[in-house]
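This briefing sets out the fold, the core, selected residues and the salt bridges of one structure. The points are grouped by topic.

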Amino acid sequence: MSFETVAQEIVFTALDGNVTAGVYDDVPYLPEGMPRESFPYVGIGNDSTVAWDTDDTLGKEVTIGIDIWSRSAGFKETKSIMGEIYDILNRGALSKVGYNVVDCLCEFSETLRDPDGETRHGVMRFKLTIQKET
């Protein structure tokens with residue numbers, strides 16, 4: 001299994017059912033003008049990796065992006081969900097059978113108003129340092 005897939009599974013498992021929004025790897029089709037009831041939601045997406053091997057172990061640093069979407073007035077809901085995600089992932093006790101999660105650190109976060117004027121978008125990036133158990 002690739003380290004990217006492992007990181008995706010670790011993050012999804014940690015967040016799914018533990019934040020006040022639906023969590024998706026593949027967000028269902030959401031047409032323009034969709035009802036407010038479809039919000040908020042979290043999408044786990046883009047990632048990049050850097051090798052973190054040693055003489056006797058295989059490892060990678062996987063940086064993974066998380067997007068938070070809300071149509072609540074103001075940024076309070078978006079920021080609240082971002083806080084929940086931070087509390088779970090940053091330095092969290094994350095695990096996956098066959099792998100050792102050395103650390104998980106929040107590298108970046110920001111909030112944005114989408115061009116439609118009513119959708120709020122939170123963007124977070126976490127770096128997971130993962131080693132394959134031998």
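A residue counts as buried when its relative accessible area is under 20%, as exposed when the value is over 50%, and as partly exposed in between. Q131 has a relative accessible area of 17% and is therefore buried, since this value falls under the 20% limit. The model is a predicted one.

**Sheet and helices**

- Strand 1 and strand 2 are paired in the parallel sense, over 3 bridges.
- Y24 has G43 of strand 2 standing opposite.

**Nonpolar core**

- In soluble globular proteins, nonpolar side chains tend to be buried together.
- The largest nonpolar core comprises 28 residues, and the residues with the most contacts inside it are I66, I85, L89, F126, L128 and I130.
- Two or more residues of this core come from each of helix 1 (3-15), strand 2 (41-51), strand 3 (59-70), helix 2 (76-89), strand 4 (99-113) and strand 5.
- Helix 1 gives the most to this core, contributing 7 residues.
- Leaving aside residues up to four places away in sequence, I85 touches L15, V19, V42, I66, I68, N90, M124 and F126.

**Q131 in strand 5**

- Q131 belongs to strand 5, which spans residues 120-132.
- The side chain of Q131 makes a polar contact with the side chain of T57, at 3.4 Å.
- Beyond four places in sequence, the residues that Q131 touches are F3, W52, T57, L58, G59, G98, Y99, N100 and V102.

**V101 in strand 4**

- V101 is found in strand 4, and the residue counts as buried because its relative accessible area of 14% is under 20%.
- V101 and T129 are 28 residues apart along the chain, and their C-alpha atoms are separated by 6.0 Å.
- T129 is also among the residues that V101 touches, together with I10, L94 and S95, when residues up to four places away in sequence are not counted.

**Salt bridge between E9 and K96**

- The side chains of E9 and K96 meet in a salt bridge with an N to O distance of 2.6 Å.
- This pair links distant parts of the chain, with E9 in helix 1 and K96 in the loop between helix 2 and strand 4, 87 residues apart.

**Salt bridges of E107**

- E107 forms a salt bridge with R125, in which the closest N and O atoms are 3.6 Å apart.
- This pair joins distant parts of the chain, with E107 in strand 4 and R125 in strand 5, 18 residues apart.
- The side chain of E107 also meets that of K127 in a salt bridge, at 3.2 Å from N to O.
- Here too the pair links distant parts of the chain, K127 lying in strand 5 and E107 in strand 4, 20 residues apart.
- Salt bridges that share partners join E61, E107, R125 and K127 into one network.
- E107 is partly exposed at 38% relative accessibility.
- R125 counts as partly exposed, with a relative accessibility of 35%.
- K127 is partly exposed at 26% relative accessibility.

Terms used:
Residues are numbered from 1 along each chain as its sequence is written. This is a predicted model: local features need pLDDT of at least 70, side-chain atom pairs count only at pLDDT 80 or more; totals for chains, interfaces and linings use all residues. Side-chain values use heavy atoms; hydrogens and water are left out. Helices (H or I, at least four residues) and strands (E, at least two) are DSSP runs, numbered from the N terminus. Buried means under 20% relative accessible area, exposed over 50%, partly exposed in between (1.4 Å probe, protein chains only). A polar contact is a pair of N or O atoms within 3.5 Å; within protein, one must be able to donate a hydrogen and the other to accept it, and residues adjacent in sequence count only if both atoms are side-chain atoms. Contact means heavy atoms within 4.5 Å. A nonpolar core is a set of buried Ala, Val, Leu, Ile, Met, Phe, Trp, Tyr and Cys residues joined through side-chain atoms within 4.5 Å. Two strands pair if DSSP finds at least two bridges between them. A salt bridge is a side-chain nitrogen of Lys or Arg within 4 Å of a carboxyl oxygen of Asp or Glu.
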